[in-house]
Amino acid sequence: MDFKFDIQTMIYLFIFGNLFIALLITAYRFHSHKDIATTMFIQSKWLQVLYWCSILIWDYVPHFLSIPLSNALILGGGCLEIMALLMMMGMMGRKVKLYYFAITVCSTISFCIIAVFFNHSNLRIASASLWVIMFVIYPAHHLTTNKDGSPLQRMLGLLYYCFAAIMLARTAVALIGETEMNVFTANLAQHLYYLGMYLLLTLGTAGFILLSNESSYETLKRIATYDEMTGILSRRAFIVEAHLKLARAAKKMDYVTLLLMDLDHFKKVNDTYGHDAGDRVLKAFALTTQSQLGNGDLFGRVGGEEFAVLFCGLDEESSEHKAEILRKAVMNSFQQEIPIRYTVSIGMITVLPTSNTPLDALYKLTDKALYRAKQEGRNRVVRAKWLG
C-alpha cells in the first residue's frame, strides 16, 4: 500500500498542536512565576497557530495580503520561540538581540522585494527557507559547542542543525528541481519540511519545558549555595565544601587552616547608620576579603556578621601571615557612605588532618579563638591549638 503524505492534515495537526501547547503552558503558569522567556514562548505558539490558519484561507483572501501576512507570522513566531529558548539559557545578550533584529529586518525587506518584483511561489519558499536557516543556525551552533551545556541542550542543537539542513534542501528543490513549487506541493523536500516542523513542535516544546526545569533547578541551587546579600557561599554550602577539602587534604597530607572572622562593633553600625548601611558594610567586607583570596580558598558567610575562610596547603606561619593580610585589608578599607572604619577579629587553627579529623571540632576551637580575640580588644588574630 502506498504511503500518502496529506499536507492539509499536517496543517490541521500544527494548528491544534500549537493551540493546545499554548493553552496548556498558559494554564500551567497561571499561578506560577511569569518569566519573560515563557511569555515569549507562549506568544510564539499563538503566532504559529495564526500562521497555519492563514494558509487555509489563501483561496479566499487576495494573495498580495495573505502571503506576506503568513510569512510575517511564521518568521515572527519562529523568531520568538528561538529567542525564548536562548533567554531561558541566559544566552540572549546584546549582540544576539542585534543579530536577530538584523535578520528580521533583512528577511522582511527580502520578502517584500520578491513579492513586488519576482512574485513566484518557488522564490518565496526559497527566500523564507534561507532566512529560517539564519534564524536557527545560531542556537544550533551554540547548543552543540557549549562545553558547559547539558546533553539536552546538545540534542536540541542537533535538532536545529537537522532542520537547517532540511530547509537548505527545500531551497534547492524550489530553485532548481521544481520551479512551480508551493506550500501544498507534495515532494520529498516538502515531506521532510513538514516532518521537521513536527519535530520542532514536539521535541522543541518538550526541550523548552525541560530547559525551564533545568533553569529552575539551577536557580534553586544558586539560592541554596550562595548567600543572597554578599554572593559568597552560604553556611551550608561552605560546610559541605569544607568537608570535601578536608578529606582531600588528608589524602594528600596537606595543611588545612580554618578562619572564623567577625566584624567588630557591627551592631553599632546598624544602630547608628541603619540596616541598609550595615548591609553595605557586609557587602564591602565580602569584596575586600575575596580580593585577598586565591581560587582554591573557600569563603562563606556562616552567621549574621560572621564569616569563614578555609586555606589548603599553608602551614602555621604562612596561614598566619595571610590572616594578617586579611585583617589589615579590612582595617584599611573605607566606605564613603559610612564615615566609620570597621575592623575584624579572627580566630584560626591550622592542622595536618587525617581521615578522622572532624570539621566540627576545628570549628569549635576556632570559635573559641575568635571569642578570645574579641576579649583581648578586637581587630586581631588569635590562633587555637589542635591537640587531636
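Student: What should I know before I start?

Tutor: The model is predicted, so local features need pLDDT of at least 70 and side-chain atom pairs count only at pLDDT 80 or more, while totals for chains, interfaces and linings use all residues. Residues are numbered from 1 along each chain as its sequence is written, and side-chain values use heavy atoms, with hydrogens and water left out.

Student: How many aromatic pairs does a search of the whole structure find?

Tutor: Rings of Phe, Tyr and Trp (its six-membered ring) pair if their centres lie within 6.5 Å; planes under 30 degrees apart count as stacked, over 60 as edge-to-face and the rest as tilted. Here the search finds twelve aromatic pairs. Take Phe14 and Tyr194: their ring centres are 6.3 Å apart and their planes are at 20 degrees, so this pair is stacked.

Student: Are Phe14 and Tyr194 buried or exposed?

Tutor: Both are buried, a word that stands for under 20% relative accessible area (1.4 Å probe, protein chains only). Ring pairs also join Phe14 and Tyr194 with Tyr51, Trp52 and Tyr193 in a cluster.

Student: What lies over the face of Tyr193?

Tutor: A charge sits over a ring if NZ of Lys or CZ of Arg is within 6 Å of the ring centre and within 35 degrees of the ring normal. For Tyr193 it is Arg170, at 3.8 Å from the ring centre.

Student: How many cavities of 30 Å³ or more are there?

Tutor: Rolling a probe the size of a water molecule over the atoms shows where empty space is left. On a 1 Å grid over the protein atoms alone, a cavity is a set of points where a 1.4 Å probe fits but cannot get out; lining residues have an atom within 4 Å of a point. Grid points are joined across faces, edges and corners, and a volume is the space filled by probe spheres set on the points. The count is two cavities.

Student: Which residues lie nearest the centre of the largest cavity?

Tutor: Tyr51, Ile74, Val132, Tyr193 and Met197, out of 35 lining residues. Helix α3 gives the most to this lining, with nine residues.

How values were computed
Buried < 20%, exposed > 50% of the residue type's maximum accessible area, 1.4 Å probe, protein only. 1 Å grid on protein atoms, 1.4 Å probe; cavity = no way out; pocket = protein on both sides within 12 Å on 5 of 7 lines; lining within 4 Å. Helix = DSSP H or I, 4+ residues; strand = E, 2+ residues; numbered from the N terminus.
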